[in-house]
Amino acid sequence: MITIEDLKKKQSEPSRLIGLDLGSKRIGVSICDERQSISTPFKTINKTNTNELIAQLKEIISEYNIKGIVIGNPINMDGSLGRSAQSVNDVSNNIDQAIDVNVCLWDERLSTVGAFNISSQLDVNVSKREKNIDQNAAAFILQGAIDFLNN
């Protein structure tokens, strides 16, 4: 795995990235455009096991010509790493070893809250908001990363 700073250095041409919000039951996936200006919610994957996740990610990477993966890192508000951060780190390392694109972690503090708040400001009904919260959180994570990459 590389840092977001290393990802910025390694990008020599415009390329699409995917963002992941790794939950215990569902994984939110988002994709950005080649210019890395906007992140779009893509899909939610029901988590079965890491191998199935990797297989689905490989399909997305191949189909959409993805050059990097940004994974939300659930750091505690005080900056410490809890159990969920350790779980994300383990899954991220497995993805990094199995897939031949750059993988980096991005601090995702408040991404789910942010995604929920944005959808409420857009007047999306609660059941639809909850249904799409994982992919919206992934888009929120990826947007933060691509905003960093563009500055």
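Predicted model: local features only at pLDDT ≥ 70, side-chain atom pairs only at ≥ 80, totals over all residues.
**Around Asn 49, and beyond**

The backbone nitrogen of Glu 52 lies 2.7 Å from a polar atom belonging to the side chain of Asn 49. Asn 49 itself is found in the loop between strand β3 and helix α2, the latter covering residues 50–64.

The C-alpha atom of Asn 49 is separated by 9.9 Å from that of Val 91, a residue 42 positions apart from Asn 49 along the chain.

The discussion now turns to the strands. Strand β3 (residues 39–46) is joined to strand β2 (residues 26–32) by 7 bridges, and the two strands run antiparallel. One of the residues involved is Ile 27, whose bridge partner in β3 is Ile 45. The hairpin of β2 and β3 has 6 residues between the strands, and here Gln 36 takes a positive phi near 55 degrees.

The cysteines complete this account. Cys 32 has a relative accessible area of 1%, which means that Cys 32 is buried. Cys 104 is likewise buried, because its relative accessible area is 1%. How many disulfides does a search of the whole structure find? The search finds 0 disulfides. A disulfide is a covalent bond that links the sulfur atoms of two cysteines.

Notes. Residues numbered from 1 in each chain as written. Heavy atoms only, no water. Pairing = 2+ DSSP bridges. Helix = DSSP H or I, 4+ residues; strand = E, 2+ residues; numbered from the N terminus. Polar contact = N/O pair within 3.5 Å; in protein donor to acceptor, adjacent residues only side chain to side chain. Disulfide = S-S within 2.5 Å. Buried < 20%, exposed > 50% of the residue type's maximum accessible area, 1.4 Å probe, protein only.
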